[in-house]
Amino acid sequence: MYLAIRRAIDDDVNEVLAVTMDSFSLYQDELHVNYEVKALKETIETTLKDIRENAVFIVERFGEVCGAIRIKKLSDELWYIYRFGVSPSSNNTGFGSALLDAAIHYAQENGAKAIALHTNSKYYRLARYYYGKQFYVHSTSFDRGYVRALFVLELTKDGVDLSPAFLQ
């Protein structure tokens, strides 16, 4: 199987947006949520802004984009993952893990000492996935109308100020 992971470019914006819509629609359906899933409000403009200003990685299989992950620098030591998903037809293929590894590697190369992300704490499958990748739940909040867990991956033994992640 031909698989490639690379940084997204402007020409990938439609595919990145399509994967985001597909994966977060599944997220919304599986959780039966009645709150606004912000990822489903994405536009071409907001996606293009992320491609240009942050790091967006995509996974392609035979030239077709089937997953994307976004990561941004919150401080010199802390990076934040968001809008991470794969097409429903590509679930359980290892594509997501390959994307996550690429994002973590990129952050490490750029000085990260920790990486954070948020997800719904009731999404057992995702929580279990992040635990398996050595993330832990730092804290939870109900500020968006659901129990939102802040997962953290510590890359060093040094303490890192996580407060910028609380604002995401």
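Guide: A residue is called buried under 20% relative accessible area, exposed over 50%, and partly exposed in between, with a 1.4 Å probe and protein chains only. Lys113, with a relative accessible area of 24%, is therefore partly exposed. This is a predicted model, in which local features need pLDDT of at least 70 and side-chain atom pairs count only at pLDDT 80 or more, while totals for chains, interfaces and linings use all residues. Residues are numbered from 1 along each chain as its sequence is written, and side-chain values use heavy atoms, leaving out hydrogens and water.

Visitor: Lys113 forms a salt bridge with which residue?

Guide: A salt bridge is a side-chain nitrogen of Lys or Arg within 4 Å of a carboxyl oxygen of Asp or Glu. Lys113 pairs with Glu77, the closest N and O atoms being 3.2 Å apart. The two are 36 residues apart: Lys113 is in the loop between helix 3 and strand 5, and Glu77 in the loop between strand 3 and strand 4. Glu77 is partly exposed, at 26%.

Visitor: Are Arg70 and Asp50 buried or exposed?

Guide: Both are buried. Their closest N and O atoms are 2.7 Å apart, in a salt bridge. Arg70 lies in strand 3 and Asp50 in helix 2 (residues 44–53), so the pair ties together parts 20 residues apart in sequence. Helices (H or I, at least four residues) and strands (E, at least two) are DSSP runs, numbered from the N terminus. Arg70 and Asp50 also belong to a salt-bridge network with Glu42 and Arg83.

Visitor: What does Thr20 touch?

Guide: Contact means heavy atoms within 4.5 Å. Leaving aside residues up to four places away in sequence, Thr20 touches Ala39, Glu42, Arg70 and Arg83. Thr20 sits in helix 1 and is buried, at 1% relative accessibility.

Visitor: How many strands form the sheet, and in which order?

Guide: Strands of a sheet pair through backbone hydrogen bonds, either parallel or antiparallel. Two strands count as paired if DSSP finds at least two bridges between them. Here 7 strands form an open sheet in the order 1-2-3-4-5-7-6, with mixed pairing. Strand 1 (3–7) and strand 6 (136–141) are at the edges with a single partner strand each, so one side of each lacks a neighbour in the sheet. Strand 3 (residues 64–73) and strand 4 (residues 78–86) are antiparallel, over 6 bridges.

Visitor: Gly67 stands opposite which residue in strand 4?

Guide: Gly67 faces Val86 there.
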